[in-house]
Each structure stands twice: as C-alpha cells, then as structure tokens.
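The sequence and structure come first.

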Amino acid sequence: MSAIPEVSGSPSFPKEEEKVLEFWKEIDAFQTSLKLAEGRPRFSFYDGPPFATGLPHYGHLLAGTIKDVVTRYAASTGHYVERRFGWDTHGLPVEHEIDKKLGIKSPADVMAMGIDKYNAECRAIVMKYAAEWESTVSRMGRWIDFKNDYKTMNLPFMESVWWVFKQLVDKDQVYRGFKIMPFSTAVHTPLSNMEASQNYKDVTDPAVVISFPLVSDPSVSFLAWTTTPWTLPSNLGLTVHPEFDYVKIKDGETGSVWILLGSRLDILYPDPKKAKFTVLETMKGNDLKGLEYEPLFDYFAERKGKAFKVMVDTYVTSDSGTGIVHCAPAFGEDDYRVSVNHGVVTGEGDLPMPVDATGCFTAEIRDYAGVYVKDADKQIQKDLKKTGRLIRQRQITHSYPFCWRSDTPLIYKAVPGWFVRVSNINDKLLKNNGETYWVPETIKEKKFHNWLENARDWNISRNRYWGTPIPLWVSDDFEEIVAVGSVQELIDLSGCGELTDIHRDKIDHITIPSKKGKGTLRRIPEVFDCWFESGSMPYAQQHYPFENKEKFDATFPADFIAEGIDQTRGWFYTLMVLSTHLFDKPPFKNVIVNGLVLAGDGKKMSKRLKNYPDPNDVMHTYGADVLRLYVVGSPAVRAENLRFREEGVKELVAKVLLPWYNSYRFFFAQLTLLKKEHNVDFVYSPNMDLKTEQNVMDQWILASTQTLIEFVKQEMSAYRLYTVTPRLLNLIDALTNWYIRFNRKRLKGDNGPEDAVRALNVLFEVLFTLTKLMAPFTPFIVETMYQNLKTCMPASKEDTRSVHFLPFPEAKQQYFNADVERSVGRMQTVIDLGRFIRDQKTLPLKTPLRELVIVNPDPQFHADVKALESYIVEELNIRTVTVTSEEQKYGIKYKLLPDWKILGQKLKKDLSKVKNGVAAVSQEDIKRYVSTNEIVIGGITLGEGDLQVARYFDDAGSSYHAHATNDVLVILDTALDQSLIAEGMAREIINRVQRSRKEAKLQPTDDILYYYKMLQDPNDELTNVLSSQQEFLAKNLKQTIESIESRKAGATVVFEAEQEISHSKFLLSLVKA
C-alpha cells in the first residue's frame, strides 16, 4: 500500500467538486468512458431540446439529473450510452426576443425589414446562453456531449424534418384546411391545441345579454349571451338545442317580449320566483329553426337570406347563458362547424374574417377599424346600449388561455393552414402508448391516454419566418402540390444549384416548373411548428435516412427519455404522433415524468418576485451532489410538485453527506492508527470468509449491502428512482450510525490488530461498494472518495482511473444472510424504542439505567434479541435486559383502534352496533382476535384488517415507561440511584475530553496527556466521580486524567478550556506527551 492519504476534517464539498471537474477534464473522463464502452450493447437515450434563449432553471436541472442518473447507471451496467445535447433553435421564443428588441409589431414590419435580415437577427441570439447552459449542466455533474450536439437550425436536421414531412404527404396524412385555432395576436401566429393548454389564467371579462329581434315580429327578440363582445360585429347566426324547452316571456318592467331557455331565467332575474314576468308560450328548439332575425350591425348585411337565421345543434348547453348561442363562424370551432352545416358559410373562400394577424379589426368593421379586439369590448357595449340591444351587462371571472410565450390572451380565429391527420390514428396511438412503460404509470394510463384518445388533427404550419420552411411548392390554385423530401430533390426539381442553408430567406425565391401546365410552382410561406421539429428529433439528430441508417435502426425506439409533466401535451405527444405515422411503433420504451419545481411557498418560481435562490448560488454554497440528491429524492421524480427549500438542501449536507464523508475519513484515520500502533499496512481483501468467528455486525452490514445491490438493480430496471434514493441513504445511515458506532473500538484496535484488520476490511468493502452504488446519484463525492480508497487495492490492468469507469457492483452471494439481517433489524427496533423513551423522559444516554424489559410472544424474536444483548446494553446504557413473553406479569394490556370511516363504508347502518359494543370487549377477546383475525362485537362479525390492535403499558405513578411497535413493546426503568448518576457524569467527562481533542484537531495517533483543575464543585460531586470512576475513565480514555498540579512545568499545552458538567466547573488541559 502507498502512503496513507490524509483526509481533511473540514471539507468544502463545492471546492472538492471543482477539483473533480478539473480531474475529469484532465483525463477526458466522459469521452474516455465512451471509448471503454465501445462494442457493448447500446442503451438509446433521447434528450429533449431546450431553448438557449433563456437560462437553465430548477426544472431543467431536475430533468437533467434524472437523465444523468439513469444514463450513468446504464453505462455502469455494461451499456454504450450516447448522450448528445440538443438545442431547440427555431420558433416563437427566438422571434419574440427579436420582436421586442426591434419593436416589430406586425408582419408588415418584418417584410419591410426583409426576412434575410430578420432571420440573421434570430440566428445571432439563438445560442445566447449556450455557454451558461454548458457551464451549469456540467457543474451539476451531468455527462453529456456538447461538442457533438444537434441544433434544429442546422441543415442536416432540417433536411431530415423535410423527409419526415414528405413521408406524411406520401401517406396522404397532410391536408390544407381551414380551422378555428388558438391564435396569438402578440406573435401573429396560430398555436396548436397543446400549446394553448399550457397557460391558463383566471381573467375577468364582460358577460352580456344581447337582443335579436325577429324579422317576422320585431316586438319579439331572441336573447343570446356572450363573454366576447368583440365577436358580435361578426355575428351571422344563432344556435339553439333542438330538444330543449324554450319560453317566450313578457318582462313585467319593460313590457319587452323575449325568447330564451326556460331553465335559464336567472340570467335575467336574480330570483325568477319573485320576478315580474309572464310566460306567453313554450316551444322546443326545433320549432325555432330557420326563423330570421335583424342583424346587430350592417357590416355583412349582404348575407341576409343565407345568414341571420336560427340554427340547431346539440352542442348548446343548459348550464350557462340563455341557451341561445351567438355564432361568429370565424371565431369559434362550433360556430364554424354549425354555420357550414347550415349553409351560412361554405368554407375558406366564403368566411368573413374582419380581424388581422395583430388582433385588430380590418376596414370591413368600419366603426372599429384598427382597434385591438379586446380594447373594442367597451365601445361595442356602449354602442349596443344606445341602440337598445344590450339587455344585461355583468362581469364574469373564468379560466382563459394565454400565449405561453408572450403571456397575452389568445383569441380563437379561423386560420388557413396545413394539418397532419391525427384523429384517424387514435387507435394506433393508444396501441403504441400501451407498449411503453411510464413512471408514474398513472400519467400513461390517464393523462396521456386521454389526450391521445381525443387528439385532433395537428396544425403544423406557422405564419412566421425563423423556422424550417414547409417544403411544399404549389400552383396558384393549389391544384398542383409538390412535396420536397431532401435538398437534392429540390435541386433536381428546380435547377437552383447548391444549397447550404434552407431557411426561408435562402429558398423562398426558388420555383419549380409545373408538370401539369400550371406555370410556376412557388413555395407556400409557412414554416413548421417547432414542435414538429422536436418531434422529429429521433430521425433528424442522426440525419436519417441520409446517414446513420444502421445506427438509427439499432437505437430506435429509444430505451429511455425523461421530461416534465407538461410534455404529455408537448414533446411526448409529438414524438408519438410522428413515430406512429412513420413506423407504427412508439418512439420510446421507458419514460420518467417529473413534476414541477415550485418556490417554497408553492407558487410558480418568479424572477420578478425573487422567490427562489439562484441554482448556481446553491451549487456554490452546498455543492451539486447534494442538490442532485435533493431533487431525485423528492416527489418530483414521480410527477408530483416539489416546493424547493434551500433549507432542505442544507439539511441533506448535515444528515447525509457529512456523516458519509466522516465515515470515510474515520477509515483512513484508523489505517494511520493501525500502522502506528501495530506497524500493519492495510490491503483490502475482496473475499472474506464469514464462516469463521466473524463479528455479527460485520455479517449484517455486508448482508445489507448485498440486499441493497439487488434492490437497486431491480428498482432501477423499473426506473423507480423514488424507491432507490431512500434505500441508498439508509445504507449510509446504517454504516455511520450503526456499524461504525457499534464497532468503533474494534476498528480502533482495542481487540488487537487481527480483529481491527477484519473490521477495516468490512468497512472498506462497504465504503467502496457505496461509491459504486452512489456513482450515478452523487458523481463528485464518490470520485473524491474513490481516488483515496483505491490506494488500498492491488493494481489493475483495466483503466480504473475514475470510479465512473468501474462496473456497477455485483452482489456477493456468500455475504447474503437473511437471519442476521432479521435479528439486527429487531435489535435496532428495540434500541430505537429505548432511545424514544429516554428522549421523552430527558434522560441522556450517558446516564446508565437499571433495566430494560422486552416483551414479545415469539421465541425466535427472543433468540434474535438475546444473541445481540450486549449491543443493546451498551447502546442504551442499561445494566440488565429482560426478554419475556409474560405480558400479564408486566401489566401489558390490549386496546382496539377502529377506523370508523372505513368501517362505516363497510357496515353502513350496522356501524352503531359496533360502536356501542366496542367498550365491552374483553382483553381475552382482543388477544383472540390477534391470533384468529375474527371477533364478534355487538352481534357483528369482524375479520382481518377491520380493526387495529395496540398493546400498551399503564405507567401512571411508576418509574417504568413503555413504547411499542406492532412487533414489540419495551419497558424501561427510569429510576436513578447514586451509582448510576456517578457513571453518567464519568461519561460526560469522557465526552468533554473527546470534544476537546476534536477542537484541537488532534489525530487518534497523537499522544496526549489529560489534566484537570477544579474551579467550582458543590459538595465535591465531580471530585468524587473522578475518584470513584477512575478505573472506568482509564479504560475508556486509555489513560488516567490527573490533577493539573501533577503537570510538568514547561509542558506543551495543545488545548485548554473551561468545562461544565451538572453544577460543577473545571479546567481541562491537553498536553503533549
């Protein structure tokens, strides 16, 4: 063995991590690991592309950590795992930044500037924060390839997107349609339904009731209700439900005669029972069909005859409004459908669309021309009030969709566009979804299933500029359409020559001669929805099918992907739609869905409110390992929300990282002590013989470690990170708070060097195994530990420079021992119960107690606990342990704990009989129920699981106190006498010596003498303890503690401080020997 490493007693985890990053850079760790893995089975992973126009936030770090944990694990279990970073470089997020920067308000502004200049501006900011992304992602310890990344704006990627689209066209899965779409007036483009669903807010809108007088009898009016007054100038019809009952009423105050749904009179009168009105007639909705009414405005008066009639359709509901729906076919999906069905409009060429791309009225609506539609609401209401058509005017608060990028209200607007058929493949989508595995499964079975089941055709076109152009060249009448699937195909069809870029400004001028005598074909102006690009990434990142065909075939579908829950309507969806259309198979096999990361108060994280700490500050303060542990150990890895608390990160440092690090540091301190006191050089022996007289705690910690290895493999294969993390932390707790604590003296050599080496070998085995188990989760600290631990191992021919080059540990069958795990688990339960009673009665562990009684009926339990009695005695500082099954002797009683809510659901009216009879149940009956799982109470038979049973001990007026689990009850005698108190004070003295050594930063190998000087000692209490407990003190301190008067003159004092125990004070002096 080489020189024993010196391990710092006050580590800075962030600084240690930075050293590790430098080490990884030196050995090119990630690329080296890939080279070492060449030839192994591939584990395919797709990274969903983020935008680089914003900085990474906790949501990105959460998803990135999940991806890194899984792919590191896959690499360690014998796979080659390519990990390429991807960038979403097109679309609204980029254009919106440029629009703000340049003050662009409309498409006309872009055309005046020139698409080439506009796109150049977009290209310039696309990678604005790429350096920050790489820095933050790398600092989090994530291994992913930034050099061999993919960008959606690169020619190979865009060309593959063209190929995907051409396949859909060839399969007749693309059509030109005219649909009512969510439309963002801020960025002048339609959004897909999934985008529109991402940002709902509660808003207050006007809610008005408008009158529509009948042409045949102007004294009678239909009443319709709307929350969008701005759509009223475009009204072309009214719709009623054919089967609903409508009434004609005469208002008692105004004398007006109105028609509306009979069950919706409360829209007019707060209390219809007290209101003054007369019902003149009742009629079905079908009876109203075809009746004409007077238009509100004359903007489309020429449509009289076809428009301004009553239509019927079953989409009308009776739960709001008047039961009569005002229809503006250009601004509502149902409005448009019903109007087409009734011949009011015929479609694309016959649809009034008086609102432009900026959301302002066109010249057709002369009174409001140039006014933004939402701003026109008030003026329209005023004008209708003047003409007597505004009957009721209120406000309503409701949930309304906003643009996810500009955070402005969306409108629903008729948009000509290009659609991919989805509704015709719902069954295939559901079939393919059924072949995937999700964590959590409920997202697959409910949220995603429901979305696929009701999926509508997808508008993939955007009226924008910075994106992949849709490769369709068409004749002026759209009767000839050519879809281009590659750059070479475009060159061949157009003769345009070499192309190195296919953005709009580089190809919009290119034309293709018609093959049908229709002159020149020109490209349509639209670009792809950027979701089409991200959904194409499995193919486009490989430039498939132009390159990497074999590689793609070997890695599709992906073995694993992971993103946030919002992607059920985003990336997960677009991946599934395109792969189903192209190959009729799912695009991925396994997916982990993470929840949202919220601020500590449960609100959305907000830069403006500054309600969360900067991720880089957290990493700088606490380190990345602990932040990784915090997020992957949170509910967010099973799609629940995480309220981020910096205190939670800090707690993990104290509860996990520091104890783990201290156990590693303790190991090397003991190696130094072993060398100094026994001149033994420790070398790890990988195969221990546990058949000999091996310590039971050695057997237990080794068995527990093997059980954990098997558990981690099982759960990681099921992608359940949320079950793995707690168990890994349990092993760290078992090592630090149980194994080392119970074996400290052995490890220090108190039982001789041979036993010390055996114990140190066990400690090394667990520490070394832990570094490999934890490597995917906390990649930094394991590297730090491994670099020192490997000095205890023989040289290897393999490349073992990094712990991340090592395979995941295999369980050693010879170490499994279920009996020892069971018995130590029972001992731990007893100790925990005893500690609880001590804490409850404020009795420190240093004060010995007389007796602990362990009550359990099982002989095997007795044998298990008795075999480990010495540990219970030492840990709980007990003089006597009694193990018994005699409950009656110790006054143990039973009580029933009914869950009345569950019993009520089962028993219903018979519950009262059980409630009345439960108090009369005898102790014997309860005991019998425990063994037979059957009891009769109040004449009602109850079985297994119907009742909980608790054992208890009545400690009123007694020095005995109890605590229990379902398995065992312990009773502790808490009475103290003078000898117990004295020993307790002696333990306090030992504690003060140990604390002083720690403060002085002394090593176990430093020879130190201990002296005291009494400063205050009422009744000579502490002086008597020092005398009576002299032998106890010497045994534990390995030397005596002497009066300061015997200290040699000129002695080198390394530490001196005043100490206080009980009511006594003394000076403790530590002197070099």
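Which helices and strands each supply at least two residues of the lining of the second largest cavity? They are helix 4 (92-102), strand 22 (527-528) and helix 16 (530-535); helices (H or I, at least four residues) and strands (E, at least two) are DSSP runs numbered from the N terminus.

## Basis

This is a predicted model, in which local features need pLDDT of at least 70 and side-chain atom pairs count only at pLDDT 80 or more, while totals for chains, interfaces and linings use all residues. Residues are numbered from 1 along each chain as its sequence is written, and side-chain values use heavy atoms, with hydrogens and water left out.

## Cavities

There are three cavities of 30 Å³ or more. A cavity is a set of points on a 1 Å grid over the protein atoms alone where a 1.4 Å probe fits but cannot get out, and lining residues have an atom within 4 Å of a point. Points are joined across faces, edges and corners, and the volume is the space filled by probe spheres set on them.

The largest cavity, of about 130 Å³, has 13 lining residues, with Ser44, Phe45, Glu82, Gln541 and Gln542 nearest its centre. The second largest cavity has a volume of about 100 Å³. Its lining comprises 15 residues, of which Gly91, Leu92, Arg462, Phe528 and Cys530 are closest to the centre.

## Helix 19

Helix 19 (residues 571-583) has 13 residues and should span 18 Å at 1.5 Å a residue, which agrees with the 18 Å between its end C-alpha atoms; the expected span is 1.5 Å times one less than the number of residues. Twelve of the 13 residues are buried (under 20% relative accessible area, 1.4 Å probe, protein chains only), among them Trp571, Phe572 and His581. Just after helix 19, Asp584 has a positive phi of about 50°.

Methods. 1 Å grid on protein atoms, 1.4 Å probe; cavity = no way out; pocket = protein on both sides within 12 Å on 5 of 7 lines; lining within 4 Å. Buried < 20%, exposed > 50% of the residue type's maximum accessible area, 1.4 Å probe, protein only.
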